[in-house]
Amino acid sequence: MAIRTTSTASTTTRSVDGDMTVEEFKEWLMKFDTDRDGRISREELKRAIRSIRGRFSGWKSRRGISYADSDGSGFIDEGEMDNLVEFARKSLGLKIVVSN
């Protein structure tokens, strides 16, 4: 998986290494679904972007929701996740590939 977690006694650092599959990206992202409603909110997306040391996470999370939220609910649900994958590829520079 492309997102590597390294823990020490005082910190947890995540970095993006190489490619990840669409399924791995979705699984990783759903770890930030803190209210377990099956949707990603702007705040949850912001935390995900921050976890990979993304800059301007507030601005990027607003843009990500706007880009991917096709029904205008303010959340990214399972049916809109592919839109978020596209946003992550284009705007976050993540290398997300289709699995074979």
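Let me begin with Phe 56, whose place is in the loop between α2 and α3, where helices (H or I, at least four residues) are DSSP runs numbered from the N terminus. What we are looking at is a predicted model, in which local features need pLDDT of at least 70 and side-chain atom pairs count only at pLDDT 80 or more, while totals for chains, interfaces and linings use all residues. Residues are numbered from 1 along each chain as its sequence is written, and side-chain values use heavy atoms, with hydrogens and water left out.

Phe 56 has a phi near 55°, which is a positive value in a residue other than glycine, and with a relative accessible area of 57% Phe 56 is exposed; here exposed means over 50% relative accessible area, buried under 20% and partly exposed in between, with a 1.4 Å probe and protein chains only. Arg 53 also has its place in the loop between α2 and α3, and although Arg 53 is not a glycine, its phi is positive, at about 60°. Because its relative accessibility is 59%, Arg 53 counts as exposed.

A polar atom of the Ser 51 side chain lies 2.7 Å from the backbone oxygen of Ala 48. Ser 57, in turn, is in helix α3 and, at 7% relative accessibility, counts as buried. If we leave aside its neighbours within four places in sequence, Ser 57 is in contact (heavy atoms within 4.5 Å) with Lys 46, Ile 49 and Arg 50.

Finally, how do α3 and α4 cross? The axes of α3 (residues 57-68) and α4 (residues 81-91) come within 8 Å and cross at roughly 135°, the axes being lines fitted to C-alpha atoms over the stretch in contact, with angles running from 0 to 180 degrees between N-to-C directions. The two helices, α3 and α4, are therefore oblique to each other, since angles under 35 degrees count as roughly parallel, over 145 as roughly antiparallel, 65 to 115 as roughly perpendicular and the rest as oblique. On the α3 side, Lys 60, Arg 63, Gly 64, Tyr 67 and Ala 68 meet Asn 83, Leu 84, Glu 86, Phe 87, Lys 90 and Ser 91 of α4.

Technical notes. A polar contact is a pair of N or O atoms within 3.5 Å; within protein, one must be able to donate a hydrogen and the other to accept it, and residues adjacent in sequence count only if both atoms are side-chain atoms.
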